[in-house]
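Student: I would like to go through this structure with you, one place at a time. Could we start with the loops and then move on to the ligand?
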Amino acid sequence: MNVSMTNGTLNYLVKLADEHKQDKVFVMQYQDKASAYYEGEISSFFKEGRDYEIVEKVGEVQSSGFVVMNNIPVSDEGRPVFEDRFKKRIGQVENMEGFQAIRILRPKKGNTYVVFTQWRNEQDFEDWKNSKEFEQAHQNSGPQHKQKPSFIDGKPFITKYHMVDPKE
Ligand code: HEM
């Protein structure tokens, strides 16, 4: 399964999503940034998009909620180890209050994987981030981990969005 994301003005992206009602296109925004997210069979859905393959997925992405993406640069030789860690993860996150969806996304271009998570609201995400489950999931990686895992090839960065529900 493919995922494609693109940036643009909110108006443009809402219109775009509206023109593709038969496809799964979601619009999200945070402060002055807006993005659209597509998931489905079509590869390279957006003309100027960032394209991914889904390595792992749990839950369905919904049109309301709060999205947090961890963008992790991974070395070429580290890819199998990185993907394997996510395939073998204990999978606690899906049992957390307010959890809606997770996607592990392999980039079709470049080296930056995306760990996409969707929550009912921002507080649910913050609660998870401060939980022992987050700590456990990251005992061999993560923000507090002193030694960066060898497969990480750069500085991970976080992006956050509120879903824009077109019906509202
Ligand atoms: C910036 C430091 C971080 C790094 C280097 C990192 C890396 C990793 C790695 C390698 C794993 C696989 C488990 C393992 O360690 O073996 C993992 C699990 C995970 N990470 Fe991170 N992570 C970081 C912070 C975050 C943040 C801020 C989020 C928020 C979206 C996040 C979302 C997740 C999720 C959802 C899982 C799966 C947890 C589970 O199944 O319970 N990570 N992370």
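Predicted model: local features only at pLDDT ≥ 70, side-chain atom pairs only at ≥ 80, totals over all residues.

Student: Is Gln31 buried or exposed?
Tutor: Gln31 is exposed, because its relative accessible area is 66%.

Student: What is there to say about phi of Gln31?
Tutor: Phi of Gln31 is near 50°, which is a positive value in a residue other than glycine. Ser44 also has a phi near 50°, and it too is a residue other than glycine.

Student: Where is Ser44 found?
Tutor: Ser44 belongs to the loop between β3 (33-40) and β4.

Student: And how accessible is Ser44?
Tutor: Its relative accessibility is 43%, so Ser44 counts as partly exposed. The cut-offs behind this are under 20% for buried and over 50% for exposed.

Student: Which residues does Ser44 touch?
Tutor: Not counting residues up to four places away in sequence, Ser44 touches Ser4, Asp51 and Lys108. With Asp51 there is a polar contact of 2.8 Å between the two side chains.

Student: How far is Ser44 from Pro73?
Tutor: Their C-alpha atoms are separated by 21 Å, and the two residues are 29 residues apart along the chain.

Student: What is Ile54 in contact with, beyond its neighbours within four places in sequence?
Tutor: The contacts of Ile54 are Met1, Val3, Glu39, Arg103, Ile104 and Leu105. For Glu39, which is 15 residues apart from Ile54 along the chain, the C-alpha separation is 9.1 Å.

Student: What about Thr6, buried or exposed?
Tutor: Thr6, at 8% relative accessibility, counts as buried. Its place is in strand β1, residues 2-7.

Student: Which backbone oxygen lies 3.1 Å from a polar atom of the side chain of Thr6?
Tutor: That is the backbone oxygen of Glu48. Glu48 is also one of the residues in contact with Thr6 when neighbours within four places in sequence are left aside; the others are Leu13, Ala34, Ser35, Ala36, Phe46, Gly49 and Arg50.

Student: One more threonine, please. Where is Thr159 found?
Tutor: Thr159 is in strand β8. At 16% relative accessibility, Thr159 counts as buried.

Student: What does the side chain of Thr159 make a polar contact with?
Tutor: The partner is the side chain of Asn71, at 3.2 Å. Apart from residues up to four places away in sequence, Thr159 touches Lys33, Val67, Val68, Met69 and Asn71.

Student: How many residues surround the ligand, and which are the closest?
Tutor: There are 24 residues around the ligand, and the closest are Arg85, Arg89, Val93, His138 and Ser141.

Student: Which protein atom is a donor of the iron atom of the ligand?
Tutor: The only protein donor of the iron atom is NE2 of His138, at 2.0 Å.

Student: Where is His138 placed?
Tutor: His138 is in the loop between α4 (132-137) and β8 (157-164).

Conventions
Residues numbered from 1 in each chain as written. Heavy atoms only, no water. Donors = N, O, S within 2.8 Å, 3.2 Å for Na, K, Ca; no water. Helix = DSSP H or I, 4+ residues; strand = E, 2+ residues; numbered from the N terminus. Contact = heavy atoms within 4.5 Å. Buried < 20%, exposed > 50% of the residue type's maximum accessible area, 1.4 Å probe, protein only. Polar contact = N/O pair within 3.5 Å; in protein donor to acceptor, adjacent residues only side chain to side chain. Near = heavy atom within 4 Å.
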